[in-house]
Amino acid sequence: NTTGHLNSVICEYLASHGYIVASFPSKGNVPGERWPFNQTGLNLQVDDMAFIMNYLQATMDQVNINKTGLMSWSVGGVSQSIYAMKNQLIDMFISLDSGLGRVYGVQMLMESNEFDFDRFSSPYLHITGEAPEMYNVARSTAFYDSIASSDKYSLSIEPFAHQHFAAQLGIVPSLASDPENETIIESYVDMCQLSLVFANMYLKNESTAKEEWLDLITDYVNE
């Protein structure tokens, strides 16, 4: 039950670097219905993603559907991973502390009819945080450890808790859990840069991106 502009800041950042970015809300199947936190809800999001992909391809000549990346936060990572397993045409996948790094998310994914770790081969970046969280949501490395991706990275931004990854909850002053916290804002900038360089490696195939990426992640790699 989140809005399509929950992550507007990083979306605008990527768009300013030449990417076409689409974001969609989490809604129920009919007006006024809350998004159901179950397989029905996940399938609704998968269908929404398919609709968006088809719409962009049909209406925007500059869209290259053969260079497609996905970015997710919270439970959105579960539905997006189902989409990736179903289509296998995703060139990179960024998880901003998504449910793919939590026990509940892996359990939901494994209940899907599309579930198959071997069908997830996209380059994968998972970024999490180390700050205390409002809710104790158990972590898991099962997805990261089991997927077929040969290029995968697990990074940690120390000052972040789960809510800081979403712009509205993390850095927009009127809504943020830590309004105008300079450390959080600086870390959000770091997250944006990490995401951009990762995208550049796999969507733009920039010759310098790999070297830049390896230099950039030195302070963030999870051992």
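Guide: Start with Ile90, which is found in the loop between α3 (76-87) and β2 (92-98). Helices here are DSSP runs (H or I, at least four residues), as are strands (E, at least two), numbered from the N terminus. This is a predicted model, where local features need pLDDT of at least 70, side-chain atom pairs count only at pLDDT 80 or more, and totals for chains, interfaces and linings use all residues. Residues are numbered from 1 along each chain as its sequence is written, and side-chain values use heavy atoms, leaving out hydrogens and water.

Is Ile90 buried or exposed? Its relative accessible area is 8%, so Ile90 is buried (under 20%; exposed is over 50%, partly exposed in between, with a 1.4 Å probe and protein chains only). Setting aside neighbours within four places in sequence, Ile90 is in contact (heavy atoms within 4.5 Å) with Thr68, Gly69, Leu70, Tyr83, Ala84 and Ser122.

Compare another loop. Ser121 lies between α4 (103-110) and β3. With a relative accessible area of 46%, Ser121 is partly exposed. Beyond its neighbours within four places in sequence, Ser121 is in contact with Ala148 and Ser149. Met85 is 36 residues from Ser121 in sequence, yet 8.4 Å away in space, C-alpha to C-alpha.

In soluble globular proteins, nonpolar side chains tend to be buried together.

Take Met191. Its contacts beyond four places in sequence are Ile10, Leu96, Ile127, Ile157, Phe160 and Phe165.

Next, see how α7 meets its helix neighbours. Helix α1 (residues 8-15) and helix α7 (residues 182-204) pack at about 45°, with axes 10 Å apart. Axes are lines fitted to C-alpha atoms, for helices over the stretch in contact, with angles from 0 to 180 degrees between N-to-C directions. The pair is therefore oblique (under 35 degrees is roughly parallel, over 145 roughly antiparallel, 65 to 115 roughly perpendicular, the rest oblique). Val9, Ile10, Tyr13 and Leu14 of α1 meet Tyr188, Met191, Cys192, Gln193, Ser195 and Leu196 of α7.

On to α8 (residues 209-216), which packs with α7 at about 150°, axes 9 Å apart. These two helices are therefore roughly antiparallel. From α7 come Gln193, Leu194, Val197, Phe198, Asn200 and Met201, and from α8 come Ala209, Lys210, Glu212, Trp213 and Leu216.

Finish before α1, at Asn7. Its relative accessibility is 16%, so Asn7 counts as buried. Beyond four places in sequence, Asn7 is in contact with Trp73, Phe165, Ala166 and Ala167.
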